[in-house]
Amino acid sequence: MAEAARVRGKLPAFIILLLVAATTLYPLSFVFTNAFRTKTEYLKGPYGWPAEWSLNNFVLLIENYDLFRAFGNSAMVIGTALVIVLAASTLAAYAIVKLDLPFKQVFSGTFLSVMLVPSQVLIIPVYLLLSLLRVVDTLPGVILVYAATNMPFAVFFMSTVMRSVPNELLEAARIDGAGPLRTLVSVVAPVLRTSILTLAVLIFLAMWNELIFGLILLPSEMNSLLTPRMASIGGRFVTNQPLLMAGLLLTSLPPILVLTFLSKYLVSGIAAGMGK
């Protein structure tokens, strides 16, 4: 009886969670099924399973939108910027939290205040700065922008979890003769491995879904990233909805794969950060 009562008590929460999951799974299934339809079949009825699964939309994307080049550009830009952000934010958080440095509270407050500035406000100053450096429409320029715009949150996140590292570990490493950098690499980084991986997932999702800087700073088709490239399909007068769905599916596939395989680290890392 007690077991049955406990199950009945959890039933409302289960139903609510099921409905929330349906709001996510239904749009995804709609995009997935229509990505394999023809334009004629879609106009007859956009709902249900395709009568004949077709890869023509993906072939059109590859032939007309230079899909592989855009994916390669995105992989290089996001991968490089992600490494920069993780390394720099870990170093900055370690210095702010664990080292006795002058004005470290000023640096911490500066990173926190920059987080409050909307990215849209930075479009014109960033464009003028990159024009002055002559790196507009270049991948290195966008790498710098992606790294800089995601750095404040990364430093804030790493500073929060860095406080959970016991000072006794650092003191023991110092007694063994390890310097600050060796202590960070050999002691602190292994302890914060889950949190660093969580930050990597969050920053990757932010960079992958970023659209404004990718469109403005990379106007040429040769240097365009995948997300802005696929966004260009949905023009004002587009009539080929299955082609648009195929582009949306390809754009959403990398984040889905990342969340599928790394979701447990994401949940545990966020829970660890909230618990400090």
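Predicted model: local features only at pLDDT ≥ 70, side-chain atom pairs only at ≥ 80, totals over all residues.
Entry 1, the helix pair. I looked up how α4 (residues 67–98) and α9 (residues 180–191) pack, and found an angle of about 110° with the axes 11 Å apart. Angles of 65 to 115 degrees count as roughly perpendicular, so I put α4 down as roughly perpendicular to α9. The crossing of α4 past α9 is right-handed. From α4, the contact takes in T90, L91 and Y94. From α9, I listed P180, L181, T183, L184 and V188. Sorted by class, the contact of α4 with α9 has six nonpolar residues, two polar ones and no charged ones.

I located S224 in the loop between α11 (212–217) and α12 (226–231). Is S224 buried or exposed? Its relative accessible area is 9%, and buried means under 20%, so I recorded S224 as buried. Leaving out residues up to four places away in sequence, S224 touches A70, N73, L218 and R229.

I checked backbone angles next, since most residues other than glycine have a negative phi. D66 is not a glycine, yet has a positive phi of about 50°. I found D66 in the loop between α3 (56–64) and α4. Its relative accessibility is 34%, so D66 counts as partly exposed.

R134 is not a glycine either, and I noted a positive phi of about 60° for R134. R134 sits in the loop between α6 (123–133) and α7 (139–162). With a relative accessible area of 76%, R134 is exposed.

Note on methods
Residues numbered from 1 in each chain as written. Heavy atoms only, no water. Axes fitted to C-alpha atoms, helices over the stretch in contact; angles between N-to-C directions. Helix = DSSP H or I, 4+ residues; strand = E, 2+ residues; numbered from the N terminus. Parallel < 35°, antiparallel > 145°, perpendicular 65-115°, else oblique. Left-handed = near helix turned anticlockwise from the far one by under 90°. Contact = heavy atoms within 4.5 Å. Nonpolar A, V, L, I, M, F, W, Y, C, P; charged D, E, K, R; others polar. Buried < 20%, exposed > 50% of the residue type's maximum accessible area, 1.4 Å probe, protein only.
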